[in-house]
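Look at the sequence and the model below.

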Amino acid sequence: MSDRILPAAPAGPADPVSTSPHVDAGDEGYSKDLKSRHINMIAIGGAIGTGLFLGAGGRMAGAGPSLAIAYAICGVFAFFVVRALGELVLYRPSSGAFVSYAREFMGEKGAFAAGWLYFLNWSTTAVADITAAATYAHFWAMFSDVPQWVLALIALAVVLTANLISVKYFGEMEFWFAIVKVAALVVFMAIGIYLVATQHQLDGHTPGFSTISDGGGLFPVGMLPMLLVIQGVVFAYASVELCGVAAGETKNPEKIMPKAINSIMWRVGIFYVGSVILLALLLPYTAYSGNESPFVTVMNKLGVAGAADVMNLVVLTAALSSLNSGLYSTGRILRSMALSGSAPKFTGRMNKGQVPYGGILLTAGFGVLGVGLNYVMPGEAFEIVLNFASIGILGTWGMIMLCSLLFWHRSKDGRVTRPSYRLPWAPYTQLVTLAFLASVVVLMWWGGGVGRTTVMCLPLIAAALVGGWFVVRKRVAVMAAERRGA
């Protein structure tokens with residue numbers, strides 16, 4: 001999707017790299033080793049992850065074919081969020097991303113809240129990813145007797161080691177991870193389309209629209225279950241903002257970012273919505289479960305020797321890719337916070353490879369707690385952390401849209417200049433997106449169970465943020481005064 005479809009400012013002179021007087025200390029010290037191909041594939045990889053490869057199975061079983069509608073709705077709002085972030089990136093590229101923008105437009109309190117909500121997102125997502133990786137590994141008989149927590153620990157150790165080397169290695173890993181994921185989905189969709197077109201029997205079923213109609217239609221269990229799975233679907237899009245963080249480590253963000261962000265919309269339409277529609281056409285929704293990737297389920301039913309093993313390897317790659325991305329992004333965000341005083345000092349440290357290892361290790365530490373959760377509650381670990389990750393995602397997306405809204409307001413009174421690459425239909429897009437995010441919280445409560453328990457924890461999360469701010473506010477004020485004096 002481009003500005004020929006979504007209205008934007010008239011074309012004008014090339015945007016400067018930054019029109020902002022704001023300087024973020026957290027942007028210093030990074031290498032600019034991420035190239036255009038890295039950013040483009042990071043954008044793709046951020047839109048294809050554990051939420052689709054593992055989460056879609058249980059969601060399909062719970063909501064039926066209407067899951068495709070939920071993916072489409074959430075995909076539109078995910079695009080609005082990343083498009084808003086893209087405008088801010090073109091205004092001022094920063095490895096601190098939305099935390100840095102929150103600092104500029106909302107002050108240090110806003111940056112503190114944005115950063116720790118993002119950390120909540122990725123620290124819990126890391127647990128979801130290592131849980132998913134362990135679940136995938138159990139697919140193979142050679143790992144079936146290995147405890148889930150052991151496999152989770154191995155996954156964390158491997159990805160942590162790779163992430164600490166340098167951003168160049170991270171970019172290369174994500175580039176190839178994304179290629180594997182995209183290639184696998186393309187092959188799966190080609191096979192699925194062939195099976196539907198030829199009416200090839202699959203586990204005693206004839207693929208096609210009859211699979212949906214004979215199974216109760218688009219809403220076999222009603223419309224409410226489709227609405228209730230939206231919070232889980234939001235989790236599937238959790239990494240779309242990653243390309244905004246990565247923009248701080250590329251040389252030409254003003255050229256690279258618009259293309260990468262605009263392509264997210266059609267990727268969402270094809271890979272998410274398209275693949276879910278195919279899953280619904282190939283097998284009845286009751287054939288899927290949350291214990292196995294739906295893509296592996298289809299390949300198993302197809303009976304092609306080795307096909308399910310290959311697909312399971314791909315979805316394992318997707319989980320490791322997501323974990324890799326989470327460690328990368330939280331390392332950069334926490335460094336931006338540490339250099340302003342709102343995160344522990346050690347999270348601002350960098351190694352010789354210009355990697356902020358302190359923040360990465362802190363996130364990995366929470367992953368270790370997730371290993372313990374896999375030991376105590378292996379069956380419920382994924383669902384529990386999924387809900388807490390969703391709260392972090394909703395908070396992060398909300399902060400991005402608030403920053404975008406404040407940026408728009410400042411542009412109206414002439415204090416900042418918007419780049420030509422803009423979020424369309426501002427400020428209504430921001431307001432509608434914020435309303436959508438609030439409605440997801442309501443749906444989490446409405447659905448009961450773990451979701452309601454998570455929403456009930458919101459006052460505790462708010463209290464932790466307020467308490468944390470009172471702990472660091474003096475240090476933040478001192479460091480801010482030092483920066484102004486310099």
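**Cavities and helix contacts**

The count comes to 2 cavities of 30 Å³ or more. A cavity here is a set of points on a 1 Å grid over the protein atoms alone where a 1.4 Å probe fits but cannot get out. This is a predicted model, in which local features need pLDDT of at least 70, side-chain atom pairs count only at pLDDT 80 or more, and totals for chains, interfaces and linings use all residues. Residues are numbered from 1 along each chain as its sequence is written, and side-chain values use heavy atoms, without hydrogens and water.

The second largest cavity has a volume of about 40 Å³. The lining has 6 nonpolar, 3 polar and no charged residues.

Now take helix α5, residues 97–137. Its axis comes within 8 Å of that of helix α6 (residues 148–163), and the two cross at roughly 120 degrees. That angle makes α5 oblique to α6. The crossing is right-handed. In α5, Ile 130, Thr 131, Ala 133, Ala 134, Thr 135 and Ala 137 meet Gln 148, Leu 151, Ala 152, Ala 155 and Leu 156 in α6; contact means heavy atoms within 4.5 Å. These residues divide into 8 nonpolar, 3 polar and no charged.

Helix α5 also packs with helix α14, residues 307–338. Their axes come within 8 Å and cross at roughly 155 degrees. The contact residues divide into 21 nonpolar, 8 polar and 2 charged.

Note on methods
Axes are lines fitted to C-alpha atoms, for helices over the stretch in contact, and angles run from 0 to 180 degrees between N-to-C directions. Helices (H or I, at least four residues) and strands (E, at least two) are DSSP runs, numbered from the N terminus. Angles under 35 degrees count as roughly parallel, over 145 as roughly antiparallel, 65 to 115 as roughly perpendicular and the rest as oblique. A crossing is left-handed if the near helix is turned anticlockwise from the far one by less than a right angle, and right-handed if clockwise. Ala, Val, Leu, Ile, Met, Phe, Trp, Tyr, Cys and Pro count as nonpolar, Asp, Glu, Lys and Arg as charged, and the others, Gly among them, as polar. On a 1 Å grid over the protein atoms alone, a cavity is a set of points where a 1.4 Å probe fits but cannot get out, and a pocket is an open set with protein on both sides within 12 Å along at least five of seven lines; lining residues have an atom within 4 Å of a point. Grid points are joined across faces, edges and corners, and a volume is the space filled by probe spheres set on the points.
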